[in-house]
Amino acid sequence: MGRGALMAGTVLACGLGVVWALGGLGPLQGWILEQQRAAQSALAGAVRAIKGGAPMALAGLLAVCFAYGFLHAAGPGHGKLVIGGYAVGRRVPFGRLAGLALVSSLAQAAVAVTLVYGVVALLGLGRAEAEGLAEEVMAPVGTLMVAGVGLWLAWRGLRGLRGQAAQPGQGHGPAQHDNHAHHHHSHDHRPDHAHHPHDHAHGHSHAEGAVCDSCGHAHGPTLAEVQGLTGWRDALALIAGIAIRPCSGALFLLILTWQLGIAGAGIMGAFAMGLGTAMVTVAVAGMAVWAREGALATLPGQGAARLLPWLELTAGLVVALAALMLLTAGL
Amino acid sequence: MRAVWAGVAGLAALVVPLPADAHPHIFIDAAIEVVFALDGQAEGVRLRWSYDDFFSLTLVAERGLDPDFDGVLTPEELAQLNGFDMGWLPEFQGDTYALLDSAPVALSRPMDWTVAYEGGKLISTHYRRFDAPVDLGAAALVVQAYDPGYYTAYTVVDATAKGRDDCTVEIFELDRAAADQILQDALAEFAGDEAAEADFPAVGAAYAEEARVICEG
């Protein structure tokens, strides 16, 4: 993409933000609410069709579930917050973010299935208790984890800024490269620097630093290995933070289908809802990456490297703040 | 640095309306009937709540009712179901709010409830008495239907006055843009005041649909 096209992403994201903040999406929200209501009716119809043995009824249910998941994700929510914040704050490629969004949505469905069949069915709890558990215990835990991810982002941004302050105005010293690589993920615009540590990492096991220290390399774990590790930790924290809060719609469907003796259809439906939700989160990730790259493209050369820790710090603080607001609002 | 603010604004786009996160999982079509006594004073409100198909199905299945799945409940099953939504916790305000020219009017706990199951929908009714009879005079009596937590979305589908024929009854649909503005204002205030945690703004009220009764009397 050219610089202009990249910057268009930033402009579009900001424009959407302003319109949203001013309530300009009100009519859209009204429309979404209507569609949510329609999807809810369609869901009941689809369950009845399966129970009544209608042909293609299962396919119908899955289609409705997909739409339901998409519509219920179309409003603001913690999954989009954390994926979007992470996408702005860390220079992660879109493909990986999309993968994260998809996995976390499916994991969210898996948590709902586990909650219903592992806890509700075994302990004989009812729908109200399951929802109470989801709303009062699991949701705050998930929100806290999201806040943790935000604080972690902010802390790394702060560390990056301190690193910059330590070497002001350096040109191409090794320390500068070090600092640089730390904030870029390996897929940046400098193939010579990016590929080197990458290849290197594949030649070694992704073990802890201690193992590598003993394997004869003077420089210890490579940057790519460190990034790989933090990347995995990031990924797990993100997925867990999103997944641990099961969607009420999925819980409703799972409990209903279990009681009607069509449990398999309900489980497939829950995952179809997850796929629908993932579509929205993936779109948010794409928007955030576009906006981030647009903002970086406005700056020549080293400017982007200077900006990254700021983005990381700000994105982290916004995510943490919003999560804490959500938490206090929910209490 | 402009670019930094661009990034912040982009993020804000994702975050700003966040505490409105709760999206509804139950949809209720509400009918409101304001009941007048012989002396012309309003004495209470009868509410009819028609639950959406999915919630109705879930609730009926959960109770193990309608095992033959024909959408018809026996009188015994209905009797068993009656009052399913009337076991209100003390803090539950009933999602119905009355105002006389914007001053709140207290309503009793629910009484005289009924239930029916028609076309796959559970329909319950209940009556709530005003604490004291309300003399409308020239003022507007407003009855709002909303869930402050927005877990349930109410749509007012019908509004009537019973016992007087000189009253006009209008349904006001919510003004979503205005409601969003109220939400933003409330959040702005909330963000600057930690003590506000205790009473997070009941923004659901802004999303209320309402019936407005004005009598010539």
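How many aromatic pairs does the structure hold over all chains? The structure holds eight, where rings of Phe, Tyr and Trp (its six-membered ring) pair if their centres lie within 6.5 Å. This is a predicted model, in which local features need pLDDT of at least 70, side-chain atom pairs count only at pLDDT 80 or more, and totals for chains, interfaces and linings use all residues. Residues are numbered from 1 along each chain as its sequence is written, chains are lettered from A in the order in which they are written, and side-chain values use heavy atoms, without hydrogens and water.

**Aromatic pairs between the chains**

- F252(A) and F54(B) form a stacked pair, with 6.2 Å centre to centre and 25° between the planes; planes under 30 degrees apart count as stacked, over 60 as edge-to-face and the rest as tilted.
- This pair crosses from helix α11 (residues 248-260) of chain A to helix α2 (residues 53-62) of chain B; helices are DSSP runs (H or I, at least four residues).
- F252(A) is buried at a relative accessible area of 2%, and F54(B) is buried at 1%; buried means under 20% relative accessible area (1.4 Å probe, protein chains only).
- The rings of F252(A) and F55(B) have their centres 6.2 Å apart and their planes at 45°, so this pair is tilted.
- Ring pairs link F252(A), Y51(B), F54(B), F55(B) and F84(B) into a cluster.

**Charges over rings**

- The charged end of R156(A) sits over the ring of W152(A), 4.4 Å from its centre; this requires CZ of Arg within 6 Å of the ring centre and within 35 degrees of the ring normal.
- In chain B, R212(B) lies over the face of F172(B), 3.7 Å from the ring centre.

Note on methods: Helices (H or I, at least four residues) and strands (E, at least two) are DSSP runs, numbered from the N terminus. Buried means under 20% relative accessible area, exposed over 50%, partly exposed in between (1.4 Å probe, protein chains only).
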